[in-house]
Structures are given as structure tokens and as C-alpha cells.
Amino acid sequence: MSEKILDEISHRRFNPLTNSWLLVSPHRTKRPWQGQQEAAVANKLPDYDPKCYLCPGNPRAAGDTNPKYENTFAFVNDYSAVKEQQPEYEHHLIQLRQENDRPDLEASLLKAEGVKGVCYVLTFSPKHHLTLADMSAKETLPVIDHWTRIYANHLAASNPLKELVAKVSLSVSQDEAPTPKDEYRYMQIFENKGAAMGCSNPHPHCQVWTTSSMPEEPGKEMDAMAKYRKDHGGRHLLADYVKLELAKAERVVWENDTFVVICPWWAVWPFEVIIIPKRHVRCLLDFTDAERLHFAEAIQEVTRRYDNLFECSFPYSSGIHQAPLKGTQEEIDNSYLHMHFYPPLLRSATVRKFLVGYELMAEPQRDITPEQATVRLRNCGGELYRKSLS
């Protein structure tokens with residue numbers, strides 16, 4: 001049976017990265033919408049805002065003053081979600097106590113562990129009004145360099161990837177990026193763009209959280225990739241997936257020599273995409289100079305197409321999954337760097353997708369198929385729409 005029928009019927013799709021399923025209901029886009037509509041955001045911001053705590057030279061909420069930076073700037077988040085120093089805490093993690101030959105219910109059901117870490121904010125540009133969609137690939141490259149340097153500075157001493165640090169040439173020196181006081185397990189680089197995704201400041205920036213624990217989502221992906229590699233003679237799940245998608249050409253939005261942008265088979269969000277290298281790349285440090293520029297091109301293509309789709313500053317959450325900061329050689333080699341984009345808009349610049357009801361109580365559900373989303377994103381290439389506006 002042709003897969004074209006999936007554009008018409010409700011069905012489930014499997015996500016091999018997280019070992020989970022989602023419901024697809026393409027016919028639901030025909031239903032009338034009388035629900036909440038987001039306010040369209042006009043891009044009329046100044047290139048400098050004296051009240052912005054991320055603009056160069058401005059004071060921040062905690063009292064520090066930003067330097068007069070020219071490209072990117074990273075600092076410890078004034079309101080970090082995790083702390084570098086706190087009391088140790090471990091509650092019933094190792095084994096259950098036995099009382100009267102019965103397991104202790106508290107030990108079974110009320111588990112907790114302390115988590116330490118440090119959170120950073122990284123600006124993309126000194127200009128307050130820009131987004132990644134506005135920036136060229138060359139203008140985005142310093143952001144990738146800074147991501148790479150922060151990652152390198154946080155690698156555990158025992159991490160096999162440490163040997164790559166001296167070989168990489170970046171525009172950001174070791175001293176220009178934060179260095180931790182302790183070693184951590186994982187680093188999550190992510191961006192929340194737009195008020196619809198909870199972003200509290202429009203100045204272009206992302207966050208970098210490092211934690212002593214392995215977060216849930218990348219942890220599930222690492223487990224799935226390890227199992228796939230073991231079960232398939234050493235092949236990588238995402239390498240095989242890229243090969244399959246390039247051959248089918250149904251969900252490929254864009255590609256260059258190094259990367260492919262795909263609306264994944266298992267996408268939950270309406271215009272969700274994933275950026276995947278065509279070769280096995282474990283982490284940012286594995287990229288060559290040319291590949292970092294190709295990565296910047298891929299990010300620019302995604303963000304520009306998003307803005308062009310509904311001619312708005314398109315909101316999303318994006319994040320990079322890569323090898324852990326502290327891990328075994330096997331964990332490092334099983335890792336395969338990729339970047340997720342989760343955008344909420346569904347029908348227009350003002351109508352968004354909500355993960356509620358069935359999505360919360362049963363399993364994720366989407367209204368348009370990834371194949372339909374791919375066609376629309378493919379057709380959104382070209383110059384950023386607002387550059388032609390008077």
C-alpha cells in the first residue's frame with residue numbers, strides 16, 4: 001500500500017530515537033478553529049535597547065555589567081535552574097530496605113537525588129533586533145564556535161574527546177568561554193525563540209545548561225542509539241536514517257555537503273525538523289572548519305524558512321544533542337550529534353498547536369503529516385520575507 005494514504009487516514013508512527021509512538025490525524029486540519037490565537041509579533045525592535053539586560057554595556061538584573069562585546073557573549077545565568085554548590089542529597093537510590101520481609105514503600109516510590117550544575121546565557125549578536133533568521137551563515141559561525149568552546153571547556157578530564165580540543169581552531173579562545181569549577185555529566189544547548197515559547201527577552205540568545213545527571217530526553221536517545229548499534233552490526237541509527245531519507249526524498253527539506261534537514265517520520269510538532277550530519281559526528285568538536293560553516297548554513301535555512309512560512313518571527317524551541325561531557329568510550333562512540341527544532345505554529349502566525357488532552361493523557365498527536373509539512377517548508381526558501389518590506 002502506498003504511503004500516500006497516510007495523508008488521509010489516522011495512524012500511529014514510531015520514534016526509534018525515544019522508543020515511543022505518536023498519533024497522526026491529518027483530517028483534523030479541516031475542522032474550524034475558534035480557539036486561542038497568538039498575537040502576531042512585528043519585528044520593529046531597535047538594534048540597541050538601553051533597558052535590555054543582554055545588550056552590550058548594559059547592567060543585568062543581578063548587578064553585573066555586560067562588556068561591549070562585538071559578536072557573542074556568555075555569562076552564568078543570573079537565575080540558574082541548578083547550582084554549582086549545594087548540600088549533597090541522596091534518598092533511597094541504591095537498594096530497598098526490607099522490613100518484615102516487605103519492601104519499604106517510601107524507598108520504592110519516593111526516590112530523589114540532588115543535581116548540581118551551572119547554567120549559562122549566550123548571546124548570538126550585539127544587535128538587539130536580530131534573530132538567527134536575520135543573520136547570515138558567516139554571522140552565525142561565531143555562535144557555533146562559542147558553543148564548541150564552551151563544550152570543550154566542560155569536558156571531563158577522562159573524556160576521550162579531550163584530545164580533540166588542541167586540534168580545533170575556533171574564533172573563541174579558551175579564556176573567552178566559561179570554565180566550570182567541577183565536572184558534569186551532560187550539556188544541553190537550547191534556544192527558546194519568541195514569547196509563545198516562554199522567551200522573556202527578544203535579544204538573540206540561547207542557554208547552555210550543564211548538569212551532574214543525564215537528562216531524560218538525550219538519555220533515552222543514547223539508550224536507543226546504543227541498542228540499535230549493537231543490534232545492527234555497529235551501524236548508527238541516525239546514519240541509517242539519513243541514508244533512508246535521502247533515498248526516499250519525501251521528508252528532506254534541504255541539504256548541503258555535510259547536513260540534511262528533515263521533517264522526521266516521527267515528528268510531533270506541525271513543522272518540526274531535525275538537522276543531522278551525513279557522516280558520523282559525535283559532538284561539536286568533530287566538525288572541520290568547513291563543516292561548522294555548513295552547520296551555520298543549515299541553521300540559517302531552517303530559521304529563515306520558518307519565518308517565511310507565515311511571514312512572522314516564527315517561535316520555536318531548538319536544541320543540540322551530542323556526546324556527554326563525562327562518559328565511557330562506548331557512550332561517546334554511540335553518540336550522534338543532531339539538532340531538534342520544535343515550533344508550535346500550526347495554521348498561521350496566530351494559531352498554534354497545543355499539547356493537551358489526549359497528548360498529555362495518552363500519547364502525542366499531530367494534525368498534518370510530516371510529508372505535508374516538508375512540501376510547505378521546501379517552498380519557503382529564498383530571501384527572508386521582511387527584507388523586501390518597505
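Student: Strands here are DSSP E runs of at least two residues, and helices are H or I runs of at least four, numbered from the N terminus. In which strand does His 338 lie?
Tutor: The model is predicted, so local features need pLDDT of at least 70 and side-chain atom pairs 80 or more, while totals for chains, interfaces and linings use all residues. Residues are numbered from 1 along each chain as its sequence is written, and side-chain values use heavy atoms, without hydrogens and water. Residues 338-342 form a strand that contains His 338, namely β15.

Student: Is His 338 buried or exposed?
Tutor: Buried means under 20% relative accessible area, exposed over 50%, and partly exposed in between, with a 1.4 Å probe and protein chains only. The relative accessible area of His 338 is 0%, so His 338 is buried.

Student: Which residue's side chain makes a polar contact with the side chain of His 321?
Tutor: A polar contact is a pair of N or O atoms within 3.5 Å; within protein, one must be able to donate a hydrogen and the other to accept it, and residues adjacent in sequence count only if both atoms are side-chain atoms. His 321 belongs to strand β14, residues 316-321. At 3.4 Å, the partner of the His 321 side chain is Gln 188.

Student: Why do the "binding site" residues listed by UniProt gather at one spot?
Tutor: The unreviewed UniProt entry lists Glu 221, His 321, His 338 and His 340; such annotations may be inferred rather than shown by experiment. They span 120 residues in sequence, yet they gather at one spot because no two of their C-alpha atoms are more than 12.3 Å apart.
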